[in-house]
Amino acid sequence: MGSRRHITITKRDETPNGLEKTMIRAARPSLTRRDLLAAGAALAASQAFPSVASAQTPRFRRWEITDPAMPPRVLASYKAGIKKMLALPPTDPRNWYRNAIVHLLDCPHGNWWFLGWHRAYLGWLEVTLRDLSGDPEFALPYWDWTKTPRVPPAMFDDVLDPNNGAFIPTFQKFRTAFEPAITALYASFSPAQKELLALRPFPFTTPGDFWQVLPQVFFDQPSARGLTASTPDLDSNTKLSVGMSTIRSALRTSQFAGSGATGAPAGFQSAKAANHSGGSIKGILESGPHDNVHGAMGGGGDAFMISFFSPVDPIFFLHHSNLDRLWTVWTRRQTALGRPILPQGADLTAWSDEKFLFFSNAKGEPVSQTKAGDYAATGMFDYDYSPGSGDDQVPAPGPVAEATPQVFSAQVTSAAVGAATAAGGIADVPAAALASSASAATNRVVEITLNVGHDDAGRRFRVLVSAGPSSPPIAAGAITIFGHPHHGPATFTVPLPDSLGSATTGATVPLDVRVVPIGTPPRPAAAPTAAAAPAPLVSAIRIRTD
């Protein structure tokens, strides 16, 4: 794809059954700042201008799972690979549960490595499935939940459903099978890996820590998945969070990541943090589609998808493939508008040098690509996507007038979110900032900071807004507490409805924002705290236009 600064080599080994195994290796372990800029520009150019890419089409295509053009072998190979991974011994890094443990130990959420780390995670699993399934052309499918806001029927078939008999049915059986392997795994960690584990927001540095966490993130059958074949639809709050208006708002975000400072925007990737186990301000894509699909699939806190052990459910990888696809759409959009597609200056070095040390290749060996910058472009794994929702948001190339950011802080009038009690506040916002005529060029969001405790993991909230006391509330979106066990403030970004402008009267609008609990709190979260976790509190609300 264009002028790649790393070289993709396809190595073919003859297997005993005569099938070829394909493994992607990169000739250089990491990229310099100049390499990243060149690779990013080449990626964006090839995706933005099909004529440029036509002679160098990526080898692998990730298909939308309901697309009639998707070859039937894709799901057949996915099943075959999963079965092979489930059958591997617990000591093998390629074992299905061992792969999920990598996510538990290392994944970032709520910071600017969120999408990059998951791109690497999907890519190395894809390479492993390609090898074990015997399908040298296999690529993961993706689930376009904007187009199809329900679990695709195929995902209830055979081992694509975590309630299938091939999966371990209970935590006790999991512990019996895996305890010796976990002890050996911890003994094998390098000093650098141990340093990363020590940065996790909950204790995870010993096998004892591991087994303290696991009972809270392992879900016994038949509750391995929250949605069933008879009830496959996403709930109304999640449908709003994956709807086209939310996707448009996410793609309109003009910068890769915000600074993480109070009052600063989140950015497309979520905001900067000190390391990939740290938290910051969540952007629209992570606050909305990502968190809420996890919440819906997690049954409100009672299934794998709500926890850090969520990759046990094979639908995890279709969900994250769609998020990765939207990153490629955003990249093409940024390029068309003449905007940067990666961090700039010293931020590029800080982002690209972050260490990812827990991935394994198709042979179960540690990978040599150990920096975030290695995964800045899809060329690392040589794939692209079939068309999906949001592709129409890439404009013709040309400059765009940048809006002047405006931030309006609300006065929090009710802070505590009880089991059936709303909280929120009111911000005085100029009507012009909310006008419908501004929506095409301006992103208008509400940023809500919740002071939450560890036991709030999995809780869900509806966000309602109204243009004053005489206006009916309008649903803006939803919030699911997903990610690291929280203890303190966590900020979520929710787009304001485009219809809000038509409800405004006068020069200034007393914009009322309400946070309303959905359902009952889930079971206690992954880690205990020294002190009792506080009740959820709305500590800040900001309206932002940019």
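Student: How many salt bridges does a search of the whole structure find?

Tutor: The search finds 25 salt bridges, a salt bridge being a side-chain nitrogen of Lys or Arg within 4 Å of a carboxyl oxygen of Asp or Glu. Keep in mind that this is a predicted model, in which local features need pLDDT of at least 70, side-chain atom pairs count only at pLDDT 80 or more, and totals for chains, interfaces and linings use all residues. Residues are numbered from 1 along each chain as its sequence is written, and side-chain values use heavy atoms, with hydrogens and water left out.

Student: OK, and which residue meets Arg-150 in a salt bridge?

Tutor: Its partner is Asp-233, and the N to O distance between the two side chains is 3.2 Å. Arg-150 sits in the loop between helix 5 (114-133) and helix 6 (171-188), while Asp-233 belongs to the loop between helix 8 (207-217) and helix 9 (236-242), so this pair ties together parts that lie 83 residues apart in sequence. Helices (H or I, at least four residues) and strands (E, at least two) are DSSP runs, numbered from the N terminus.

Student: Switching to Asp-313, where is it found?

Tutor: Asp-313 is in the loop between helix 11 (284-297) and helix 12 (315-336), and it counts as buried because its relative accessibility is 0%.

Student: Which residue's side chain does Asp-313 meet in a salt bridge?

Tutor: It meets the side chain of Arg-225, at 2.6 Å from N to O. That pair links distant parts of the chain, since Arg-225 lies in the loop between helix 8 and helix 9, 88 residues from Asp-313. The C-alpha atoms of Asp-313 and Arg-225 are separated by 7.3 Å, and Arg-225 counts as buried because its relative accessibility is 4%.

Student: What else is Asp-313 in contact with?

Tutor: Leaving aside neighbours within four places in sequence, Asp-313 is in contact (heavy atoms within 4.5 Å) with Leu-160, Pro-162, Ala-224 and Met-305, as well as with Arg-225.

Student: What does Arg-542 form a salt bridge with?

Tutor: Arg-542 forms one with Glu-447, and the closest N and O atoms of the two are 3.2 Å apart. This pair also links distant parts of the chain, with Arg-542 in strand 13 (residues 537-545) and Glu-447 in strand 8 (residues 444-452), 95 residues apart. Both Arg-542 and Glu-447 are buried.

Student: How are strand 8 and strand 13 joined?

Tutor: The two run antiparallel and are joined by eight bridges, and strands count as a pair if DSSP finds at least two bridges between them. Ile-448 stands opposite Ile-541 of strand 13.

Student: What order do the strands have in that open sheet of four?

Tutor: The order is 5-13-8-11, and the pairing is antiparallel. Strand 5 (406-409) and strand 11 (488-495) stand at the edges with a single partner strand each, so one side of each has no neighbour in the sheet.

Student: Which strand does strand 7 pair with over eight bridges?

Tutor: That is strand 12 (residues 508-518), in the antiparallel sense, and within it the bridge partner of Ile-426 is Asp-512. Strand 7 (residues 423-430) also pairs with strand 6 (residues 411-414), again antiparallel, over three bridges, with Ser-414 standing opposite Gly-424.

Student: Back to charges: which residues are linked in a network of salt bridges?

Tutor: Arg-62, Arg-119, Glu-126, Arg-130 and Asp-324 are linked in such a network.

Student: Last one, what does the secondary structure of the whole protein come to?

Tutor: It comes to 14 helices and 13 strands, and 59% of the 546 residues are buried. Among the contacts between residues at least 6 apart in sequence, 77% join residues at least 24 apart.

Note on methods
Buried < 20%, exposed > 50% of the residue type's maximum accessible area, 1.4 Å probe, protein only.
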